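Here is a short briefing on a few side chains and the rings that pair up among them. Have the viewer open and follow along.

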Amino acid sequence: MLVHSYRKIFAIDVEGEDEEIIQINHIQVLAVEKQWYAGIVNWKYRCQAVLLGKQINFVLLFCPEDCAWKLVV
């Protein structure tokens, strides 16, 4: 589940390696790019957050056509 507004993403739940759900809070969006793949628009969010005491950088991809998010670490 992802809760967001323009240029700010509040939280995302991801499944860990042992199938536990981990929530990443206070996500900072560093940049947003609109991308096209075979005529289909996708949004690429470059983000950072603190997880388990460590700052992590990651990418969230959003495909409006499928209403689907993908996390890229």
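This is a predicted model: local features need pLDDT of at least 70, side-chain atom pairs count only at pLDDT 80 or more; totals for chains, interfaces and linings use all residues.

## Aromatic rings and a buried neighbour

W69 is partly exposed, with a relative accessibility of 27%.

**The ring pairs**

- F62 and W69 form a tilted aromatic pair, with 4.6 Å from centre to centre and 35° between the planes.
- Searching the whole structure turns up 2 aromatic pairs.
- Y45 and W69 also pair: their ring centres are 5.5 Å apart and their planes meet at 40°, so this pair is tilted.
- This pair bridges distant parts of the chain, since Y45 sits in strand 4 and W69 in strand 6 (residues 68-72), 24 residues apart.

**How exposed the partners are**

- Y45 has a relative accessible area of 13%, so Y45 is buried, the cut-off being under 20%.
- F62 is buried as well, with a relative accessible area of 16%.
- W69, at 27% relative accessibility, counts as partly exposed.

- N42 lies in strand 4, which covers residues 40-51.
- With a relative accessibility of 14%, N42 counts as buried.
- Leaving aside residues up to four places away in sequence, N42 touches E33, K34, Q35, Y37, F62, C63 and P64.

Technical notes. Residues are numbered from 1 along each chain as its sequence is written. Side-chain values use heavy atoms; hydrogens and water are left out. Helices (H or I, at least four residues) and strands (E, at least two) are DSSP runs, numbered from the N terminus. Buried means under 20% relative accessible area, exposed over 50%, partly exposed in between (1.4 Å probe, protein chains only). Contact means heavy atoms within 4.5 Å. Rings of Phe, Tyr and Trp (its six-membered ring) pair if their centres lie within 6.5 Å; planes under 30 degrees apart count as stacked, over 60 as edge-to-face and the rest as tilted.
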